[in-house]
Amino acid sequence: MADTSTCTTRSCGTVTPGIVDKCPTCGGRVQTSRRIRMLGWASIACGLFLIGLMGYITSAMYPTLANPGAPIGGDRWTGTAEQARMALNLFYLVIGFGVLAAAAGVWMVVTGRRHIAITIVTLLTAGVLIFQTWETTAALKNSQRAEEPRRIVQPPPMAPVNLGAPAPDKPQ
Ligand SMILES: [Zn+2]
């Protein structure tokens with residue numbers, strides 16, 4: 001894993017051995033492999049943290065989420081099946097993002113270089129993740145708001161309708 005400096009100018013992209021301040025070809029800014037490897041380790045740490053945290057939460061909540069409304073081990077998912085599915089999807093997405101971050105980190109540590117595709121995919125996944133989190137949170141909030149009046153507005157007990165006249169076919 002020898003140190004290299006990669007020119008950040010898109011049209012140039014010269015890779016120079018060792019740590020240099022400027023690109024020897026075009027004089028542009030360089031990104032050193034040392035810095036990218038540090039980012040790579042940080043990315044691996046973030047990825048593993050997300051996988052560990054969400055893996056733990058998912059495994060702890062999966063029984064209740066997979067059986068909405070059913071009491072399991074003294075716990076119960078009080079939302080709808082749809083919301084349970086959304087929550088699970090969100091968990092899987094976070095774990096997927098963690099795997100992606102760890103993989104991108106490994107790639108950066110091994111090669112000492114950055115790849116534009118990795119950056120784009122990571123940003124896109126982060127965007128989807130934020131959108132999904134927002135949607136799930138909104139769905140859960142809406143259900144809480146909708147639940148309140150539902151408890152108050154109970155259908156009145158069925159009362160026998162008596163209009164004063166005796167039923168015509170009833171024998172007196
Ligand atoms: Zn250059």
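My entries below go from the overall fold to a helix pair and then to the cysteines.

I worked from a predicted model, where local features need pLDDT of at least 70, side-chain atom pairs count only at pLDDT 80 or more, and totals for chains, interfaces and linings use all residues. Residues are numbered from 1 along each chain as its sequence is written, and side-chain values use heavy atoms, with hydrogens and water left out.

**Fold.** I found three helices and three strands in the protein (DSSP runs, H or I of at least four residues for helices and E of at least two for strands, numbered from the N terminus). Along the sequence they read β-β-β-α-α-α. Of the 172 residues, 26% count as buried (under 20% relative accessible area with a 1.4 Å probe, protein chains only; exposed is over 50%, partly exposed in between).

**Helix pair.** I checked α1 (residues 33-66) against α2 (residues 81-111): their axes come within 7 Å and cross at roughly 155° (lines fitted to C-alpha atoms over the stretch in contact, angles from 0 to 180 degrees between N-to-C directions). That makes α1 roughly antiparallel to α2, a label for angles over 145 degrees.

**α2 itself.** I noted 31 residues in α2, reaching 45 Å from first C-alpha to last, close to the 45 Å expected (1.5 Å times one less than the number of residues). Gly-112 follows α2 with a positive phi near 70°.

**Cysteines.** I counted zero disulfides (pairs of cysteine sulfur atoms within 2.5 Å). Cys-23 counts as buried at 3% relative accessibility, whereas Cys-26 is partly exposed at 41%.

Terms used: Angles under 35 degrees count as roughly parallel, over 145 as roughly antiparallel, 65 to 115 as roughly perpendicular and the rest as oblique.
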